[in-house]
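The following exercises are to be worked through in order, with the sequence and the model in view. Each task is followed by a solution in steps.

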Amino acid sequence: MMNRDSYNSIARQWNSARVAFVKDERRYLDTLLSGLEPPASILDVGCGTGRPIAEFVLGRGHRITGIDQAEELLAIARERFPEGTWIHAPIEEYVFEGSYDAVVCWDTLFHIERAHHRRILTDLHGCLTTHGRLMLTAGGSANPPFTDTMFGHEFFYDSYPPELLGSMMREIGYELLIEEFMDVPTSGRDKGRIAIVAQRSPSERSSSGRL
């Protein structure tokens, strides 16, 4: 609820600020989409306004389905990219179904209580086609849940430590192709951020176990 209300409140500022790739995002996205012939089916979990990630995917001739809980961000995505499919729903409550060649969950998982993370990652694994890939960010250090501010509004954050997240993903059935820090944690405000590009391993079965 906090994050939905906060993102709705900063929709204009976010739309102006989030317009281009930062750091290695383009490299991660190129890895995610490598080998896919258009039109592939891509799921964007926590899609926001659709820029820059959904915009790039559509520009490569692929189909995009975006999910977000913030109505104001989705309204911008729908207006800007009417060819996409845009779904309003809280990620932690959404029932993932269908089949996708790739999934993006970028700067999304760490806004959700970690108790939901395994279920979400397991469900996304089940939606991926054979050798389908997932592009993901999560928190980059071991911390209890916390809040921070952006554009003067408060946001919730929670993540497993990177080593536990990686272990969980391998148990579920992902092969991690990229696992690296986008932002290294500091002794101050920055808790860090890890970037992962993973591939569904058809030789492994999803696990319903819990950490």
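Helices (H or I, at least four residues) and strands (E, at least two) are DSSP runs, numbered from the N terminus. The model is predicted, so local features need pLDDT of at least 70 and side-chain atom pairs count only at pLDDT 80 or more, while totals for chains, interfaces and linings use all residues. Residues are numbered from 1 along each chain as its sequence is written, and side-chain values use heavy atoms, with hydrogens and water left out.

**Exercise 1. Describe the overall make-up of the protein chain.**

Step 1. Count the elements: the chain has seven helices and nine strands.

Step 2. Compare the radius of gyration, taken over C-alpha atoms, with the globule rule of 2.2 Å times the number of residues to the power 0.38. For 211 residues a compact globule would have a value near 17 Å, and the 16 Å of the protein chain agrees with this. Along the principal axes, the C-alpha atoms fill a box of roughly 45 × 40 × 30 Å.

Step 3. Consider burial, where buried means under 20% relative accessible area, exposed over 50%, and partly exposed in between (1.4 Å probe, protein chains only). Buried residues account for 51% of the 211 residues.

Step 4. Consider contacts, defined as heavy atoms within 4.5 Å. Of the contacts between residues at least 6 apart in sequence, 69% join residues at least 24 apart.

**Exercise 2. Characterise the aromatic pairs Tyr7 with Trp14 and Phe21 with Phe56.**

Step 1. Recall the rule: rings of Phe, Tyr and Trp (its six-membered ring) pair if their centres lie within 6.5 Å; planes under 30 degrees apart count as stacked, over 60 as edge-to-face and the rest as tilted. Seven such pairs are found in the whole structure.

Step 2. The rings of Tyr7 and Trp14 are 5.7 Å apart, centre to centre, with 75° between the planes, an edge-to-face pair. Both Tyr7 and Trp14 are buried.

Step 3. For Phe21 and Phe56, the centres are 5.5 Å apart and the planes stand at 70°, so this pair is edge-to-face. Because Phe21 lies in the loop between helix H2 (11-17) and helix H3 (25-33) and Phe56 in helix H4 (residues 53-59), the pair ties together parts that are 35 residues apart in sequence. Phe21 is partly exposed at 26% relative accessible area, whereas Phe56 is buried at 9%.

Step 4. Ring pairs also link Tyr7 and Trp14 with Phe155 in a cluster.

**Exercise 3. On which side or sides of helix H5 do the buried residues lie, and what do they pack against?**

Step 1. In helix H5 (residues 71-80), the buried residues are Leu73, Leu74, Ile76 and Ala77.

Step 2. Take the arc of the directions from the helix axis to the C-beta atoms. These residues cover an arc of only 155°, so they are on the same side of H5.

Step 3. Their packing partners are helix H1 (2-9), H2, strand E2 (63-68) and strand E3 (85-88).

Step 4. Turn to H1, where Asn3, Ser6, Tyr7 and Asn8 are buried. The buried residues of H1 pack against H2, H5, strand E6 (146-150) and strand E7 (153-157).

**Exercise 4. Describe the nonpolar cores.**

Step 1. A nonpolar core is a set of buried Ala, Val, Leu, Ile, Met, Phe, Trp, Tyr and Cys residues joined through side-chain atoms within 4.5 Å.

Step 2. The largest core has 30 residues, and among those with the most contacts inside it are Phe96, Leu124 and Tyr174. Elements giving two or more residues to this core include strand E1 (41-45), helix H6 (117-127) and strand E8 (174-183).

Step 3. Apart from residues up to four places away in sequence, Leu124 touches Leu43, Val45, Phe96, Val103, Leu134 and Tyr174.

Step 4. A second, separate core has 25 residues, including Ile42, Cys47, Phe56 and Val57.
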